[in-house]
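Here are a few notes to go with your first look at this one. Have the viewer open as you read.

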Amino acid sequence: MTVADPRATARFLGAFFDELAKWGVQNVVISPGSRSTPLSMTAYELSCRAQQRMSTYVDIDERGAAFLALGMAKASGRPAALVCSSGTAIANYYPAILEAESSRVPLIVLTADRPPQLQGLGAPQTCDQSHAYGTHVRAYRGMPLPADDEGSLRFARQAAREACIAALGSCEPAQNQGAQNSSAAPSAAAACASQRLAGACFGGPVHLNFPFDEPLKPDTTLPDLFDAGIPCAEPAADSAAPGAKPARKPSLPAGIAHVHGGMEGIAAAQLARELLANSVLLLAGEGSCATHEEAQRVLTFARTFAIPVLADPLSGLRSFDDPLVIGNYDSVFQPGGISPDERLNPQIIVRFGRYPVSKRATQWARAREDAGVLQVVVDPLETRDTNAATTVFVRTKPADFAQSMLRALRMEDGPAAASANDLSFANAWQQVEEAAAKRIAAVDADEEPGADGFEGAYVRRVLELAPEGSCLFAANSMSVRAVDTFYLKGGKQLTVLANRGLNGIDGTVSTAIGASRCFGRTTLITGDLTMQHDLNALALQRELRVQRQLTDAADDENRAPKQGAKRNSCETNAGEQGITIVLLNNNGGAIFDMLPQKSQEAYFERLFLTPQDVDFQAAVAAFGVPYSKTATLAEFDRAYRASLDVPGISFIEVPVPLQGLRERYAKYW
């Protein structure tokens, strides 16, 4: 039997994690286990030596841990890494990997494995882990047993680089400022919540499988632990040739140099002319933009071409009070996607990102295709066209497409052509948007709109009270639909996120907590079944307390005469961070009251409504999470405002009826 060398293990993994940090991986979520000891201890050691470069989180629930990392990556645009042991642990990562694949979120999954000589012999906690996630990851690499010869160390670094390249895809995280100079404070331009307006990502998950021999504990005391495998940049003075120029140490930053590209030439000019000559509608779904700057490019394009923008709540565009931003289109379309007014039907539909949350809007787009409307899809990877309606596919990012159209317009006809646009189509959409907004705002006008337990009134209160620049995370099912309905444009800048890749309820609370690490305040709106599905995530209350203690210690160091390095740039001050969970508890699956399964027969309640009787106050208390229960909007306002000053997790329960959902929403749809 072979025996591992603790020094070789440490140096091999030290090179690997150092390179991950250089390429923008700032957060590592660890699921405790024995076989993963080398990975866990090396990542932890880097976080201790250079906290500004890497932070480690511990979550004992592998399924929740994977969604925690997913939330961090979705909110920041940076890859997050996962570490787990062998065996069933890797299977618990599967739901989050599927969501990351569909939502293009950059995850780097590091699984530990038994060494080759134990495979296929009935060894405990051992199974075939090669290609365990099949085609659902962008890349897979079976790593060798650790070694510390020069070739192995350089390979460890290259494997880390390749993992980041595959995970990032077309994502554009800001340079990790601590990578080149660990004493330098991160720039304010770091890619974190202060910049990101939405969860647009164009990457995906990757999987690296590491076999380890015993002894598993690496020697993390090595002073050069994270310097191994770096080729010398300068030759020794006595080895330089006589008269040779002194070598210059390069100062290039590590990472991917992204090239922006859009349509150019004849094709761009032709499409720009068509957009000017026809009535055009822009369907902006999740993936339309990631940052404030990208959103401005999209809106400049819309204004120049007089194009109404149907802005999904996950597009990032409802933060803008622009006349062309149409936020309440779901309240305009009729069931089945029927347009109430022929004046609202365009000749061309341009779609950015996914189809929207609104099923009516997707059905309407399909109906327009049947009527012969041309549909242009803009995406850097694929059409994601479930309607099978794509006329033209432009393989680029929406913001780059917007700039291409503006350049083409300047080269073709100049601003005069744009000013000649027929504004009647845009005006028609603005009129119906204003009428829909008045209907929705009326939920606030009732004497006590929440007295009957109408969830829409509470969602409106969250949207009004949530702090500027905070994150609103919407669970699936009715929660995200309620946000879609009651989120009026232009109130404030909010980053609205959801796991809409597979629309599941798996790991929603963990994902929201992960996303909250990139914001001062975060609010999760969820139903009770989703909450039950991820109740273990409340155990992260302790982990968040540990992170606050680490930040306090780092702040103390920063106040010392010798300035220490500032903390991880993807996090705000952890002492100020918190997440408020708003539970709209209807004791079951109320969304089925809206679906074709609805029936008066016994099967409907048993199989679909699934009434529940969970004492959430007791459950939440078990995790040490502050709890409030409210029955009126006034009580909710007080509880929610108070929660904004609470670090970590706080919990507000709002009872709402299980049945009658369709009737309660009728006047707002």
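Where is Gln-125 found? Start there, then work through the points.

1. Gln-125 is found in the loop between β4 (107–113) and β5 (139–142); helices (H or I, at least four residues) and strands (E, at least two) are DSSP runs, numbered from the N terminus. Its phi is near 55°, a positive value in a residue other than glycine. Gln-125 is partly exposed, at a relative accessible area of 41% (buried is under 20%, exposed over 50%, partly exposed in between, with a 1.4 Å probe and protein chains only).

2. A word on the source: this is a predicted model, where local features need pLDDT of at least 70, side-chain atom pairs count only at pLDDT 80 or more, and totals for chains, interfaces and linings use all residues. Residues are numbered from 1 along each chain as its sequence is written, and side-chain values use heavy atoms, with hydrogens and water left out.

3. Ser-477 also deserves a look: phi is near 65°, a positive value in a residue other than glycine. Ser-477 is found in the loop between β13 (471–474) and α14 (478–486), and counts as partly exposed at 26% relative accessibility.

4. Now find the peptide bond between Glu-214 and Pro-215: it is cis, with omega about 0°. Pro-215 is found in the loop between β6 (205–211) and α7 (265–277).

5. The lining of the second largest pocket divides into 11 nonpolar, 7 polar and 12 charged residues (Ala, Val, Leu, Ile, Met, Phe, Trp, Tyr, Cys and Pro count as nonpolar, Asp, Glu, Lys and Arg as charged, and the others, Gly among them, as polar). A pocket here is an open set of points on a 1 Å grid over the protein atoms alone, where a 1.4 Å probe fits, with protein on both sides within 12 Å along at least five of seven lines; lining residues have an atom within 4 Å of a point.
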